[in-house]
Amino acid sequence: MKRLAAGVLTLAIATGLSATVHAAPAARPLAANGEASGEITSATALNYSDGSRSQLFSLQLAAGQAVSLKLDGPLNGTLAVFHRDMLVGRTECGCENGAQLSVRADKAGQYLVAVSGADPRAFGPFHLSATPIVAYDGKPLAAGQRITDWLNGERQTYTLQVDKPGLYTLNLESDAFDARLELSGNGVSLEDDDGGNGTNARLVAPLQPGSYTLTAAAFSQSSGAFYLGVEQADFPEGLVFADGSALPLEGQASGFVGADETRSFVFSLPDRRRVQFDASSRDIDPLLSLQGADITLSDDDGGGGVNARLSQVLDPGEYNISVRSVNGRGGIFQIATGTAPAPDADPPGAGDRPRGERPAQPGAAQPLYAGDSAQGPLHDRHDRQQRPGRHGHADARRPGGRLAGRQRHQPGSAAGSRTGGRPLRADGAQLRPGRDRRLPAAGAPPVRHRGATRRGAGRLATAGLRHRSGRERRPACGFPAAADFPAGTRAYSTPPRARRPAR
């Protein structure tokens with residue numbers, strides 16, 4: 001009997017715990033034009049499908065009523081709406097900058113709004129707001145107007161009334177589908193898919209007064225809320241709409257180019273000059289091109305940001321300058337031109353050297369521009385093969401720049417050793433006193449060692465002489481090269497002193 005009572009008690013406790021674990025959390029009320037706040041923590045109800053955490057809100061809607069839900073806050077979360085255990089709509093993925101979802105009730109009743117973390121590691125506070133969507137009243141659209149409407153998987157058309165000429169920007173935005181916008185009427189036929197931000201559509205067009213037709217659609221069969229806005233701006237002074245306009249030699253011109261269109265200009269250059277073209281815009285990403293005189297150049301982002309720049313030395317003639325939008329949008333752009341004198345002309349006696357190729361001036365930096373070239377000898381004042389190193393000979397440094405130390409000269413070496421009483425040059429030939437600049441001539445004043453110590457202050461310094469200890473003498477760093485000796489000098493040395501006993 002006791003065992004039976006214990007078993008019944010255990011079963012009751014287990015049943016109660018099971019009911020507690022699997023019971024659905026209570027939904028908090030949310031008005032159709034209200035707000036609510038919450039936080040996703042580790043204690044929030046678990047979503048067994050993906051391990052994320054969710055909070056539920058109850059939203060009462062009438063038949064045909066549409067509402068826009070917006071999720072803000074630190075939480076990287078998603079939104080989903082259910083009606084009688086059926087999914088009505090949900091955001092595609094979690095967005096760190098918030099999520100937005102628009103739904104319309106097919107039937108009156110209570111709808112559940114679920115706020116969930118984007119993944120099992122998403123936690124944090126959030127703010128949820130609901131805004132009713134007022135359906136479009138069917139009146140013609142005008143500049144400065146923005147409407148909200150609902151797309152049911154079909155194309156919807158609207159009338160656009162233009163009363164003032166200008167540059168019109170049409171935006172179709174939706175979080176529920178990939179928007180597509182069309183404009184037609186009065187000889188205008190334009191369409192756009194992703195010209196706006198993300199998958200939104202945008203059209204920019206110069207329009208004259210009249211009536212036009214706007215068509216809002218989805219790239220695929222979809223439904224959801226969308227926003228359609230119309231903006232108008234006055235034409236800039238001198239705005240160019242046609243090809244073939246002349247560009248000033250110094251100045252700026254403004255033009256309009258549609259999506260996937262090209263606007264071309266004519267540029268005339270009277271003489272050879274360096275010319276720079278800059279194309280900039282707040283609406284498009286311009287691609288700048290130059291053609292003429294067997295030259296074809298183009299640039300996309302060389303002017304900083306998305307602006308374009310071309311700089312080139314051009315010969316006199318006529319050139320075609322074109323601007324094209326490469327970001328799928330249309331808009332206004334500015335193109336500025338500036339000139340500067342071309343590089344100096346070739347000096348007399350240049351012969352048949354190609355034009356633009358100038359000899360380099362030794363010791364001076366010469367400008368080199370695109371399309372030019374320079375020529376001249378290469379001077380290396382620190383070439384160790386042409387002047388003595390720290391030890392008076394060319395091979396005084398080992399690979400890596402370390403000094404070789406004091407070394408005894410071997411007979412026949414090129415570094416001042418003696419063969420037959422005469423040192424050798426770097427090429428192996430013997431030096432002749434009075435004829436070779438490395439050897440001082442007879443009667444010439446002695447050259448003192450710049451780095452001599454007090455003990456050897458009176459000694460003569462020359463490459464290749466030996467110290468009294470039998471080792472080579474080390475001239476000071478910066479010992480003059482062979483080419484620096486005046487012609488007719490001789491090399492000689494005083495007799496060595498008695499060798500001191502080793503310590």
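**Figure 1. Strand 1 and strand 3 run side by side in the parallel sense.** In this predicted model, strand 1 and strand 3 (residues 54-61) pair in the parallel sense over three bridges. Strands here are DSSP runs (E, at least two residues), just as helices are DSSP runs (H or I, at least four residues), and both are numbered from the N terminus. Two strands count as a pair if DSSP finds at least two bridges between them. Look for Arg28, which stands opposite Phe57 in strand 3. Pro29 has Ser58 in strand 3 as its bridge partner. How many of the eight residues of strand 3 are buried? Six of them are, so strand 3 is largely enclosed by the rest of the structure. Buried means under 20% relative accessible area, exposed means over 50%, and partly exposed lies in between (1.4 Å probe, protein chains only).

A note on reading these legends: residues are numbered from 1 along each chain as its sequence is written, and side-chain values use heavy atoms, with hydrogens and water left out. Because the model is predicted, local features need pLDDT of at least 70 and side-chain atom pairs count only at pLDDT 80 or more, while totals for chains, interfaces and linings use all residues.

Figure 2. Strands of a sheet pair through backbone hydrogen bonds, either parallel or antiparallel.

**Figure 3. Leu112 belongs to a nonpolar surface patch.** Leu112 is found in strand 8 (residues 109-117). Its relative accessible area is 31%, so Leu112 is partly exposed. Together, Phe82, Leu87 and Leu112 make a nonpolar surface patch of about 230 Å². Patches are made of residues with over 30% relative accessible area and no salt bridge; like charges are joined within 9 Å, and nonpolar side chains (Val, Leu, Ile, Met, Phe, Trp, Tyr) within 5 Å. Accessible areas come from the Shrake-Rupley method with a 1.4 Å probe, and for residues, only the protein chains shown count as cover.

Figure 4. Strand 10 and strand 17 (residues 223-233) pair in the antiparallel sense over seven bridges. Within this pair, find Thr148, which stands opposite Tyr227 in strand 17.

**Figure 5. Arg146 and Glu173 form a salt bridge.** Side chains of opposite charge can pair when their charged atoms come close. A salt bridge is a side-chain nitrogen of Lys or Arg within 4 Å of a carboxyl oxygen of Asp or Glu. In the Arg146 and Glu173 pair, the closest N and O atoms are 3.2 Å apart. This pair links distant parts of the chain: Arg146 is in strand 10 and Glu173 in strand 12 (residues 166-173), 27 residues apart. Is Arg146 buried or exposed? At 53% relative accessibility, Arg146 counts as exposed. Glu173 is partly exposed, at 30%.

**Figure 6. Four residues are linked in a network of salt bridges.** The members are Arg155, Arg180, Glu182 and Glu191. Glu182 meets Arg155 in a salt bridge (2.9 Å, N to O). Glu182 lies in strand 13 (residues 179-185) and Arg155 in the loop between strand 10 and strand 11 (156-162), so the pair ties together parts that are 27 residues apart in sequence. Glu182 also meets Arg180 in a salt bridge (2.6 Å, N to O). With a relative accessible area of 18%, Glu182 is buried, whereas Arg180, at 22%, is partly exposed.
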